[in-house]
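Hi everyone, thanks for coming. Let me put the structure up, and then I'll talk you through a couple of contacts.

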Amino acid sequence: MPLTNEIVQSRLTEKFGDILTGWEEPYGMLTFAAAREHNLKVLNFLYDEDDLAFRFLTDLTAVHYPDRAGEELCVVYHLHNLVANLRIRLKVYAPVSQPDVYTATGLFSAANWMERETYDFYGVNFVGHPNLKRVLNVDEMDYFPMRKEFPLEDQTRIDKDDEMFGRG
Amino acid sequence: MSDHNHIKLPEGSIGKTTTTLNLGPTHPATHGVFQNILELDGERIVKAEATVGYIHRAFEKIAERRPLYQITTLTDRLNYCSSPINNMGWHLTVEKMLGIKTPKRVDYLRVIVMELARITDHLICTSIVGVDAGAFTGFLYVMQYRELVYEIYEEICGARLTTNMGRVGGFERNFSAAAWEKLERFLKEYPKAQKELEALLVRNRIFYERTRGTGAISAERALNYGFTGPNLRATGVDYDVRVHEPYSSYEDFEFQIPVGTTGDNHDRFIVRTEEIWQSLSIIEQAYRKIQSFKGAEAEVYHADVPEYYLPAKEDVYTKMEALIWHFKIVMGETDIPPAEVYQAVEGGNGELGYYLISDGGRSPYRLHFRRPCFIYYQAYEEIVKGSMLSDAVITMSSLNLIAGEMDA
């Protein structure tokens, strides 16, 4: 029997029950959220069970929702079972005041730089990461630029000396 | 920002017995702006540390203010050796989000463009591996055909490297007669140049000895590191997005996925070489399919999506609706429906993914590019550990590291 979203969902609810919430299927991809202290348990379960076998980490990134109090930062994992060719999406919410999420580097070597990138841009503190430092931005940067409180420059601003930028 | 005391000797650097070598950020052997801090014992690499980010341009942030059609230009600059694949991947993402169904002819035109891009991407990579092993000539044989492909791009979209090709729903114009003529020339003449390159390198003793067994990674480690594309297939895993999740009507084509066994530099080279032949065959099939369209169908080059596809200029001057659509599109005043979508395409280097979240505004709420290069480059430290410095250089080029894609 091919692996389907329904099977994955029932296996997960059977194991974790109410820990997993927010079940959706946008554009056919099973999406759900886990409490952040359980992200590794869920990832491990998805990895270890032979009938699930989500052993390929496609993508790891974050999204910032400044209006959601207590769960401003959302870490998104895209997992892929290459044999059954099924993708799922796991979300973990963390408050911006204490953005600690357990690292997935123990399971996936690929998570190393992806988590560094997520830390670099959103400040998610991946607990247990072997080398959590900035990867694309300069080390001296003291803010997390992809957060929504840092807007892009106003394109109509006129207070800048444009001659310095060759646009005068 | 901390104070700028950049020049300081690392702890224990006086008494240590290994040499630290900065390979990059601007070293001719790196073919791009990224740095490797190598710890060398003689010529052998004890430890490597890769640093990226030298051409980071904050595309994901910029995209959060742009209307959808202006993001195409950002995707050009990811893997700039195969920009059209990035462009098409972005259009496919938007079309998936909006539920736009493109006509078959558009799909086949896209397949032609994407496979041409794959060939240029692979021919650069394979011939540069030759250059790094000391054989410059083969590079020139195939390079003149990349020039021809760039001329085809010019005929299609007017640009060569950063193509900004196609629109949401299709292409901005139909392929010109000159484009088809050049494509025919490419299909006829390129195999000869490719054979010449292969004759130079494939059974060449020096090349063989330099690439065989160096830079190897096992299938298990490659999967754990998130490898995709030719680098993963060289280890023996037949994962290809074109087959696993066909997009743009790839299911209509007959082709094979070449795989290697050892995942070393030689296998990566051979896999890419073989993929070039498969791509040529796909282009020929697509060309035949396009020729079989008759009547009005043979002129279709875009889907009917007035909200996102710019109307013809003569209509803008004469018709009210067209004028309104034109204004709304150009000013970026089209509201995007709320959505969360992931679309992957098989890029030159592997699975190029677009993760797009819209909250109903006029630009994406969040757009993330899954750049294959960024993800597999982190394995470089493990791959080159214990190898010779000269092998590390070949490994770098056979992995096809493109700085634009790594840094986004």
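Predicted model: local features only at pLDDT ≥ 70, side-chain atom pairs only at ≥ 80, totals over all residues.

Residues are numbered from 1 along each chain as its sequence is written, and chains are lettered from A and ligands numbered from 1 in the order in which they are written.

The predictor gives the complex an ipTM of 0.93 and a pTM of 0.93.

Now, how do the chains meet? In chain A, 27 residues are in contact (C-beta atoms, placed from the backbone, within 7 Å) with 31 residues of chain B. Strand S3 (56-64) and helix H3 (111-122) of chain A each bring at least two residues to that side; these are DSSP runs numbered from the N terminus, helices being H or I of at least four residues and strands E of at least two. S3(A) gives the most, 6 residues.

Over in chain B, helix H4 (residues 104-132) and helix H16 (residues 389-398) have axes that come within 8 Å and cross at roughly 170 degrees. Axes are lines fitted to C-alpha atoms over the stretch in contact, with angles from 0 to 180 degrees between N-to-C directions. That makes H4(B) roughly antiparallel (over 145 degrees) to H16(B). Cys125, Ile128, Val129 and Asp132 of chain B, in H4(B), meet Val393, Ile394, Ser397 and Ser398 of chain B, in H16(B).

Terms used:
Parallel < 35°, antiparallel > 145°, perpendicular 65-115°, else oblique. Contact = placed C-beta atoms within 7 Å.
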